[in-house]
Amino acid sequence: MIPFLNLKNLNAPYEKELKQQFDRFLNTGWYILGEEVTFFEKEYATYCGTSHCVGTANGLDAIRIILEGYKILKKLHLGDEVLVASNTYIATIIAIKQAGLIPVLVEADLDTFNFDFKDLESKITSKTKVVLPTHLYGQLTDMEKIFAFAKAHHLLIVADCAQSHGAQTNDGNKSGSLANAAAHSFYPTKNLGALGDAGAITTDDNELADVIKKYRNYGFEKAYIAKYIGVNSRLDELQAAFLRIKLRDLDHQNNKRIAIAKRYLSEIKNEYIIMPQWNGQKDHVFHLFVIRSKYRNELQEYLKNNGIHTIIHYPIPPHKQEALQEFKELYFPTSEQLHNEVLSISTDPTLTPVEVDKIISVINNFVC
Ligand SMILES: *Cc1c(COP(=O)(O)O)cnc(C)c1O
């Protein structure tokens with residue numbers, strides 16, 4: 001079986017360094033908010049091209065804490081509306097709700113897997129305060145359009161960069177810098193993955209960075225002096241130490257994903273399959289390579305029977321989830337179509353050329 005993602009293989013090249021980092025960490029006797037977190041925050045801010053990075057416990061909290069931070073700064077208020085894609089990962093929507101804001105779901109676009117910009121325009125109300133694009137599957141949203149839209153309607157831009165570490169514009173601006181504040185997840189399967197849970201926020205906003213640094217640690221200004229009611233969502237010191245090693249190799253790993261994606265795009269030819277749209281620029285880091293088919297379920301079963309593991313991202317749209325009853329009457333035909341048709345093919349950087357050959361030829365031989 002060719003697995004979808006072999007994390008053991010993926011982390012194997014770093015084994016020696018990871019062990020050295022662990023030994024160092026053990027010797028310091030300092031396990032929470034130590035110098036590894038500070039170093040990682042500096043290095044990741046530099047990588048993203050922002051003045052600040054604040055580590056968090058995970059990506060969900062990173063989104064939520066940005067919104068909580070803006071509430072403390074009185075730039076957002078309970079009940080404000082946040083525009084968010086109807087086909088994003090459910091965490092994006094949960095974070096908005098946890099912050100006491102209202103997610104307003106926007107129809108998806110069939111080609112970009114992102115906002116349908118016509119529908120986005122139509123969802124503006126007097127309560128809309130934030131546009132929250134998810135760079136889904138690792139591909140940048142059209143940020144020029146988002147910047148113009150946000151400016152026209154006086155909105156904050158909060159980006160969900162959980163899947164897009166390293167994706168950049170033609171001018172070389174990284175996804176983490178293309179927003180008022182951006183949330184990152186370092187869940188082990190992401191392009192930059194920790195060996196456990198981890199996340200971060202990047203921003204150029206000094207005030208926001210100052211607030212969220214306190215907010216993630218109970219709202220403490222200094223030890224035991226609470227300025228706000230915060231949360232416990234600190235980036236773990238050991239994970240920060242591991243992430244520093246993996247950050248140095250992120251572009252290299254992304255390039256491997258892109259090379260696999262290029263092979264799929266030029267070599268997969270099957271009338272039952274629609275390939276993802278990509279202009280060949282640096283705006284995509286192929287966290288996932290997502291194809292579409294009317295025969296998606298048959299295709300997945302066929303691939304499994306031929307030793308190829310695939311995953312559906314995601315099978316149920318957020319507005320059809322039992323947990324989100326308030327959206328159940330909503331209708332997003334494109335988003336629903338996507339959830340019925342998408343299938344993710346591995347872009348595991350550790351795939352061998354022979355494995356990529358096999359994936360391509362098995363897909364090309366699919367008939368129904
Ligand atoms: C992974 C992910 C998250 C949540 O990150 P966690 O670290 O698992 O909390 C949020 N949004 C998107 C798009 C993701 O892929």
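Here is a chat about a predicted model and some of its local features.

Biologist: Let's start with salt bridges. How many does the structure hold?

Modeller: The structure holds 17 salt bridges. Side chains of opposite charge can pair when their charged atoms come close.

Biologist: Which residue does glutamate 17 form a salt bridge with?

Modeller: Its partner is arginine 248. The closest N and O atoms are 3.3 Å apart. Glutamate 17 lies in helix α2, and arginine 248 lies in the loop between α9 and α10, so the pair ties together parts that are 231 residues apart in sequence.

Biologist: Is arginine 248 buried or exposed?

Modeller: Arginine 248 is exposed, because its relative accessible area is 58%. Glutamate 17 has 34%, so that residue is partly exposed.

Biologist: And lysine 123, what is its partner?

Modeller: Lysine 123 forms a salt bridge with aspartate 119, and their closest N and O atoms are 2.9 Å apart. Lysine 123 is partly exposed at 22% relative accessible area. Aspartate 119 is buried, with 17%.

Biologist: Why does aspartate 119 count as buried?

Modeller: Because its relative accessible area is 17%, and buried means under 20%.

Biologist: Which residues are linked in a network of salt bridges?

Modeller: Arg24, Glu36, Glu43 and Arg244 are linked that way.

Biologist: Now helices. At what angle do α3 and α9 pack?

Modeller: Helix α3 covers residues 35–48 and helix α9 covers residues 237–247. They pack at about 35°, and their axes are 8 Å apart. The crossing of α3 and α9 is left-handed.

Biologist: Which residues make the contact?

Modeller: From α3, they include Glu36, Phe39, Phe40, Glu43 and Tyr47. From α9, they include Ala240, Ala241, Leu243 and Arg244. Glu36, Glu43 and Arg244 also belong to the salt-bridge network.

Biologist: What about α12, which residues are buried there?

Modeller: In helix α12, residues 333–341, the buried ones are Thr334, Ser335, Glu336, Leu338, His339 and Glu341. They pack against β10, α11 and β11.

Biologist: Switching to the surface. Which residues form a nonpolar patch?

Modeller: Phe22, Leu26, Tyr31 and Ile32 do. Together they have about 360 Å² of accessible area. Leucine 26 sits in helix α2, residues 15–28. Its relative accessibility is 46%, so leucine 26 counts as partly exposed.

Biologist: Where is tyrosine 215, and is it buried or exposed?

Modeller: Tyrosine 215 is in helix α8, residues 206–215. It is buried, at 5% relative accessibility. Leaving aside neighbours within four places in sequence, its contacts include Arg64, Ile65, Glu68, Ile72 and Ile229.

Biologist: Last one. Which residues does a cis peptide bond join?

Modeller: Histidine 313 and tyrosine 314, with omega about 15°. Tyrosine 314 is in the loop between α11 and α12.

Methods:
Residues numbered from 1 in each chain as written. Predicted model: local features only at pLDDT ≥ 70, side-chain atom pairs only at ≥ 80, totals over all residues. Heavy atoms only, no water. Patch = residues over 30% accessible without salt bridge, like charges linked within 9 Å, V, L, I, M, F, W, Y side chains within 5 Å. Areas by Shrake-Rupley, 256 points an atom, 1.4 Å probe, with all protein chains shown as cover. Salt bridge = Lys/Arg side-chain N within 4 Å of Asp/Glu carboxyl O. Helix = DSSP H or I, 4+ residues; strand = E, 2+ residues; numbered from the N terminus. Buried < 20%, exposed > 50% of the residue type's maximum accessible area, 1.4 Å probe, protein only. Axes fitted to C-alpha atoms, helices over the stretch in contact; angles between N-to-C directions. Left-handed = near helix turned anticlockwise from the far one by under 90°. Contact = heavy atoms within 4.5 Å.
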